[in-house]
Amino acid sequence: MSEPSSPPAGPPALPVTFRPTRTRVVLLTTGAALFAVLTVIAVLLPSLSGGERASFVLTGLLFFLVLLLLSRPKVVADAGGVTVVNLTTKRRLEWAAVLRVNLRPGDPWVLLDLADGTSLPAMGIQPGIARAQAVSDARTLRALAETYGTGTPAM
């Protein structure tokens with residue numbers, strides 16, 4: 001009989017990347033399927049003109065690209081700080097700039113409280129369809145911020 005594993009004594013080895021893997025798989029699979037179905041329809045319908053066929057394929061490609069954009073968020077932590085990649089933005093922060101990592105019940109993603117008095121959403125950790133993983137990732141990122149930065153422990 002094996003003994004239950006104990007939680008790690010400290011933060012994980014760096015660099016570490018956090019991303020909503022299940023959500024990403026669903027988005028990319030759906031995007032590829034939509035693109036494939038619309039392309040097959042464009043090829044198989046004999047009554048379509050060339051422009052109509054192209055519009056089916058381009059619509060499928062547009063759907064895929066939007067879902068690809070939605071699957072982009074991630075948070076990468078390394079010894080020098082954290083990089084937050086959201087839908088259309090990417091921001092690099094030194095550990096000292098991250099005061100607190102928050103994921104409260106009902107939050108759509110982690111919020112980073114910053115030293116300049118603002119908050120930054122970190123969409124790479126979101127509880128959507130993998131709540132337990134998001135809570136674990138948020139705790140890990142909080143431990144990293146407390147270890148490498150000047151952040152204060154969350155109460």
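Author: A polar contact is a pair of N or O atoms within 3.5 Å; within protein, one atom must be able to donate a hydrogen and the other to accept it. The model discussed here is predicted.

Reader: Which backbone oxygen does the side chain of Q126 reach?
Author: Q126 sits in the loop between strand 7 and helix 3. Polar contacts are counted within 3.5 Å. The Q126 side chain comes to 2.6 Å from a backbone oxygen, that of M123.

Reader: Which residues does Q126 touch, not counting those up to four places away in sequence?
Author: Q126 is a loop residue, placed between strand 7 and helix 3. With residues up to four places away set aside, Q126 touches P20, T23, P108, W109 and A134.

Reader: How many helices and strands are there in the protein chain?
Author: From the N terminus on, the elements run β-α-α-β-β-β-β-β-β-α. That gives three helices and seven strands.

Reader: What is the order of the strands in the open sheet of three?
Author: The pairing in this sheet is antiparallel. Strand 5 (98-102) and strand 7 (119-122) each pair on one side only, as edge strands. Neighbouring strands are turned by 25° against each other on average, direction ignored. The order is 5-6-7.

Reader: Which residue of strand 7 is the bridge partner of L111?
Author: L111 belongs to strand 6, where it stands opposite N102. Strand 5 and strand 6 (residues 110-114) pair over four bridges. Strand 6 and strand 7 also pair in the antiparallel sense, over four bridges. In strand 7, the partner of L111 is P121.

Reader: Which residue takes a positive phi in the hairpin of strand 6 and strand 7?
Author: Strand 6 and strand 7 pair in the antiparallel sense. Their hairpin has four residues between the strands. The residue with a positive phi near 90° is G117.

Reader: Which residues make up the uncovered face of strand 6?
Author: In a regular strand the side chains alternate between the two faces of the sheet. Helix 3 (residues 131-148) lies across strand 5 and strand 6. The covered face of strand 6 holds V110, L112 and L114. The uncovered face holds L111 and D113.

Reader: At about what angle does helix 3 run to strand 5?
Author: Strand 5 is one of the edge strands of the sheet. Helix 3 lies across strand 5 and strand 6. Its angle to strand 5 is about 165°.

Reader: Which element gives the largest share of the largest nonpolar core?
Author: This core has 22 residues; V82, V98, V110, L112, I125 and L141 touch the most other members. Among the elements that give two or more residues are strand 1 (16-18), strand 2 (74-78) and strand 3 (81-85). The largest share is five residues, and its source is helix 3.

Reader: Is L141 buried or exposed?
Author: L141 lies in helix 3. Its contacts beyond four places in sequence include F18, V75, A77 and V82. Under 20% relative accessible area, a residue counts as buried. L141 has 1%, so it is buried.

Reader: How far apart in space are L141 and V101, C-alpha to C-alpha?
Author: V101 is one of the residues that L141 touches. In sequence the two are 40 residues apart. In space, C-alpha to C-alpha, they are separated by 7.1 Å.

Reader: Which residue of helix 3 forms an aromatic pair with W95?
Author: A search of the whole structure finds one aromatic pair. The ring centres are 6.0 Å apart and the planes are at 25°, so the pair is stacked. W95 lies in the loop between strand 4 (90-94) and strand 5, so the pair ties together parts that are 53 residues apart in sequence. The partner in helix 3 is Y148.

Reader: What relative accessible area does Y148 have?
Author: W95 counts as buried, at 3% relative accessibility. Y148 is partly exposed, and its relative accessible area is 38%.

Conventions:
Residues are numbered from 1 along each chain as its sequence is written. This is a predicted model: local features need pLDDT of at least 70, side-chain atom pairs count only at pLDDT 80 or more; totals for chains, interfaces and linings use all residues. Side-chain values use heavy atoms; hydrogens and water are left out. Two strands pair if DSSP finds at least two bridges between them. Axes are lines fitted to C-alpha atoms, for helices over the stretch in contact, and angles run from 0 to 180 degrees between N-to-C directions. Contact means heavy atoms within 4.5 Å. Buried means under 20% relative accessible area, exposed over 50%, partly exposed in between (1.4 Å probe, protein chains only). Rings of Phe, Tyr and Trp (its six-membered ring) pair if their centres lie within 6.5 Å; planes under 30 degrees apart count as stacked, over 60 as edge-to-face and the rest as tilted. A nonpolar core is a set of buried Ala, Val, Leu, Ile, Met, Phe, Trp, Tyr and Cys residues joined through side-chain atoms within 4.5 Å.
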